[in-house]
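Hi there,

Here is the structure I promised to pass on to you. Have a look at it first, and then read my notes below.

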Amino acid sequence: MKTGALYRAEKCLVPTVWVASNPWTRLRGLLGRTPLASGATEGLLIEPCAGVHTFGMRYPLDVVFLDASNRVVDMCENLAPWSVRSARAKARKTLELTAGGITVIAPVLGEELIWRLH
């Protein structure tokens, strides 16, 4: 999986972001992996993806939905294990963070988040 970081302009919001962009990595997501670090220091960017599930997860997630231009179109805080959530708008990508991550990075609907390869 590719790794990079997520930025707001030049400010790094999430220093380690893995990208799941093929069918296998999108299907697997975070299942069977070490839990993401808290405080929005790690995330998983799934593309293409307009909805997520937390079946098999043991901890809640915060989810940020992005369009094709990486603009924030929807968010969901504290998505409980064994839940499903789809974006209410035209999402193309999904950023998964541990619960509380949205509070840390404070995304704003319509703003562009920039992913940069390490």
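Let's start with Trp82, which is exposed, with a relative accessible area of 60% (exposed means over 50%, buried under 20%, and partly exposed in between, with a 1.4 Å probe and protein chains only). Trp82 sits in the loop between strand E6 (72-79) and strand E7 (84-86); strands (E, at least two residues) and helices (H or I, at least four) are DSSP runs, numbered from the N terminus.

Before you go on, please note that this is a predicted model: local features need pLDDT of at least 70 and side-chain atom pairs pLDDT 80 or more, while totals for chains, interfaces and linings use all residues. Residues are numbered from 1 along each chain as its sequence is written, and side-chain values use heavy atoms, without hydrogens and water.

Now for the inside. In soluble globular proteins, nonpolar side chains tend to be buried together. The largest nonpolar core here has 16 residues, and Leu30, Tyr59, Leu61 and Val63 touch the most other members (a core is a set of buried Ala, Val, Leu, Ile, Met, Phe, Trp, Tyr and Cys residues joined through side-chain atoms within 4.5 Å). Strand E3 (42-46), strand E5 (61-66) and E6 each supply at least two residues of this core, and E5 gives the most, with three. A second, separate core of 15 residues includes Val14, Leu45, Val64 and Val72.

As for the whole chain, it has two helices and nine strands, and 42% of its 118 residues count as buried.

Enjoy exploring!
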